Amino acid sequence: MAASVRCFLRSGKMMVRDALNQAMDEELERDERVFLLGEEVAQYDGAYKVSRGLWKKYGDKRIIDTPITEMGFTGIAVGAAMAGLRPICEFMTFNFSMQAIDQVINSAAKTCYMSAGRQSVPIVFRGPNGASAGVAAQHSQCFAAWYAHCPGLKVVSPWSAEDAKGLLKSAIRDDNPVVFLENELMYGVPFEMSEESQSKDFTIPIGKAKVERQGTHVTVVTHSRYVSHCLDAAAVLAKEGIECEVINLRTIRPLDVETIEASVMKTSHLVTVEGGWPQFGVGAEICAMVMEGPAFNFLDAPATRVTGVDIPMPYAKILEDNSLPQIKDIIASIKKTLNV
Amino acid sequence: MLTNFSNVLRVCAQRNGAAAVVSARTYADFTTQATFEIKKCDIHKLDEAPATQVVMTRDEGLKYYRVMQTIRRMELKADQLYKQKIIRGFCHLYDGQEACAVGIEAGINLTDHLITAYRAHGYTYTRGGTVKEIMAELTGRRGGIAKGKGGSMHMYTKNFYGGNGIVGAQVPLGAGVALACQYQGNNELSVSLYGDGAANQGQIFETYNMAALWKLPAIFICENNRYGMGTSVERSAASTDYYKRGDYIPGLRVDGMDVLCVREATKFAADHCRSGKGPMLMELQTYRYHGHSMSDPGVSYRTREEIQEVRGKSDPISLLKDRMLSNNMASVEELKEIDVSVRKEIEDAAQFATTDPEPPLEELCNHIFYNDADLEVRGTNPWTTLKSVS
């Protein structure tokens, strides 16, 4: 209790990292099968301090520091899940999950199906995903499209502190493998928390998007950090009389295509915004799904994707800034789509 | 006089074509148990080795014989069905290695845990699967142990985590199971098997590190059958002392063709683990008669003479049979009866496996998730929506 009160800033807001911390704390307390493992999660309090205080409270058995051996510890986490525990496996960033991706896909995602439902794998893989600031090409990749491609996984991408808390609690309680994509640049961002989010049983369902801002002229679909960018762009456009409906996906797989379609049938225009690369990405999938469904006939213009630039992430600030969607890019793309 | 009477009975039985139970001698004539001298294990970072004088009871012997024979005949039947194209895809057969699966199971409990790679039919059986559901899985029928969804490499039972297709991936998984045992404090242990080919995988060394660091109750077992697919151990490993490859983890090199050797070594390792000392490594020196899989004739990288020599001198079933017969623990007829009974079980299972229907198409999308709401799955085109139930 003391820890969660402390998490509230003087403004009554909570930072994303503290919301994640609270979610894990509550779930560790609720179910003794839950445990956290990863690099620096215990004695260092987490590389990004997301697991601060947890080792002190729960000890070595529940909060485990691993050596720098992703393939090995991810396999160990999956095996522990198969044998009845409920691990939270942290990747210091999702870039390192590539070393372990076989365990995530072949050992975790596919097992329930291959065993015809006999063997479940209740595991959460979590960590920061996508671009950070100045960490260059090998540490900046977005894995949303990679993991969301695979049946057997659920892929979640929270934006706000409330998203983070509610979705992480759902992910931990889910009996299936969940890939939980956080964002390092969002960890320190404070958000208002609703009354109900303070309950220890507060969860947000996986697979439902949220309309963050109602609008009538264009549907803007996005996830993670870019929800902030889209809301900022929407505020600017509102001054020009353009009302954007901003949809925060919250979950990448399964994609809440119904919410998107209902919105497109209202606005007749669709713009997707993401940090990941364009080809075969989240935006590409949304466009394809909308084309195949009832909303297509309502479109007055082809859908537009706003994405990261199709290059490995450069280091220099000016280059990095221009590798990712900026608010001005979103505004320009929306106007172009609306032909204004 | 008793002998004459028995002989008469036997002759009568033969005349009547009776398949069964009249033995030449009564069970009271058999030795109930005997002590056997077994090969000493090579040890690594250990002060003592498993015992070389071991006791086997008649009942144990008969059980090991039956189980090994069942695995043998089941695998040979699978060979047949594969050649008839009734089994498709991958099929990695275990004949020759039976003493490993049977010996290991004899050294642990069913409440312990086990995981292996794709040469898994034998283990699926020793861990509690029936021949019927194993064969029906191979033929892809609804009565298969994974309802036809998994196939040869993906069979599961209680405390048996498959059947794994990706070489080496099962080893960290097995250590994870051991972590769960330690976490839950249930005094159970986890056996993780891998082959000589997999033994060079990096993730296995990552696993050794964590298992030793955290003293996990894990037994790592390398089934060294001398060939990783078509590559001999000499051509793939800088060090072929697989029992030493765990470095700081104590190891044993065991005669994998002798079920008693395997059993003794497993018991030794299990005691070590259960006492909280951490993991142990075992290398079982064994041999597969078949090629790597049914696609591999198995004679391009080894000679037929070599295969014949192993069959002639080291066959695990023959070894056990000779031991039992020469120690008066069973009769030739009794063992033949077991053979007949096993053959029948396999025939019945094969009959089921070839006549049971394939899984219904309605099941196509089921079991993607566990304990989850029903969901809709896109079919091959936008107008096909399929249902998935967990």
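This is a predicted model: local features need pLDDT of at least 70, side-chain atom pairs count only at pLDDT 80 or more; totals for chains, interfaces and linings use all residues.
Q: What makes the radius of gyration of chain A agree with that of a compact globule?
A: Set the two values side by side: a compact globule of 340 residues would have a radius of gyration near 20 Å, and chain A has 20 Å, so the two agree. As for its extent, the C-alpha atoms of chain A fill a box of roughly 60 × 50 × 40 Å along the principal axes.

Q: And why is chain B called as compact as a globular protein of its length?
A: Chain B, with its 12 helices and 12 strands, has a radius of gyration of 23 Å; the globule rule gives 21 Å for 390 residues, and the chain is close to that, so the description holds. Its C-alpha atoms fill a box of roughly 80 × 55 × 45 Å, again along the principal axes.

Q: What share of the residues in chain A is buried?
A: Buried residues make up 60% of the 340 residues in chain A. To be counted there, a residue needs a relative accessible area under 20%. By that cut-off, chain B has 56% of its 390 residues buried.

Q: How far apart in sequence are the residues that make contacts in chain A?
A: Taking contacts between residues at least 6 apart in sequence, 81% join residues at least 24 apart. In chain B, 70% of such contacts join residues at least 24 apart.

Q: Where do the positive and negative charges of chain A lie on average, relative to each other?
A: The mean positions of the 34 positive and 41 negative charges are 3 Å apart. In chain B, the 45 positive and 47 negative side chains also have centres 3 Å apart.

Q: Which residues have the most contacts inside the largest nonpolar core?
A: That core has 73 residues, and the ones with the most contacts inside it include A:F125, A:Y147, A:I286, B:Y194 and B:F220. Its largest share, 8 residues, comes from helix 6 (residues 170-184) of chain B. There is also a second, separate core of 71 residues, with B:M74, B:L93, B:L189 and B:V191 among them.

Q: What is A:I286 in contact with, leaving aside its neighbours within four places in sequence?
A: The partners of A:I286 are A:V221, A:L249, A:L255, A:I260, A:L270 and A:T272.

Q: Is B:H290, at 15% relative accessibility, buried or exposed?
A: With the limit for buried at under 20%, the 15% of B:H290 puts it among the buried residues. B:H290 lies in the loop between strand 10 (280-285) and helix 10 (304-314) of chain B. Not counting residues up to four places away in sequence, B:H290 touches B:L76, B:D79, B:L93, B:D95 and B:R302.

Q: What kind of peptide bond joins A:R253 and A:P254?
A: A cis peptide bond, with omega at about 5°. A:P254 is in the loop between strand 12 (251-253) and helix 10 (257-267) of chain A.

Q: What is the phi of A:A136, which is not a glycine?
A: The phi of A:A136 is positive, about 70°. A:A136 lies in the loop between strand 5 (124-128) and helix 7 (144-148) of chain A.

Q: What makes B:R226 count as partly exposed?
A: The relative accessibility of B:R226 is 37%, and therefore it gets that label. B:R226, found in the loop between strand 6 (218-224) and strand 7 (227-228) of chain B, has a positive phi of about 80° although it is not a glycine.

Key
Residues are numbered from 1 along each chain as its sequence is written. Chains are lettered from A and ligands numbered from 1 in the order in which they are written. Side-chain values use heavy atoms; hydrogens and water are left out. The radius of gyration is taken over C-alpha atoms; the globule rule is 2.2 Å times the number of residues to the power 0.38. Buried means under 20% relative accessible area, exposed over 50%, partly exposed in between (1.4 Å probe, protein chains only). Contact means heavy atoms within 4.5 Å. Lys and Arg count as positive and Asp and Glu as negative; His and the chain ends are not counted. The place of a charge is taken as NZ of Lys, CZ of Arg, CG of Asp or CD of Glu. A nonpolar core is a set of buried Ala, Val, Leu, Ile, Met, Phe, Trp, Tyr and Cys residues joined through side-chain atoms within 4.5 Å. Helices (H or I, at least four residues) and strands (E, at least two) are DSSP runs, numbered from the N terminus.
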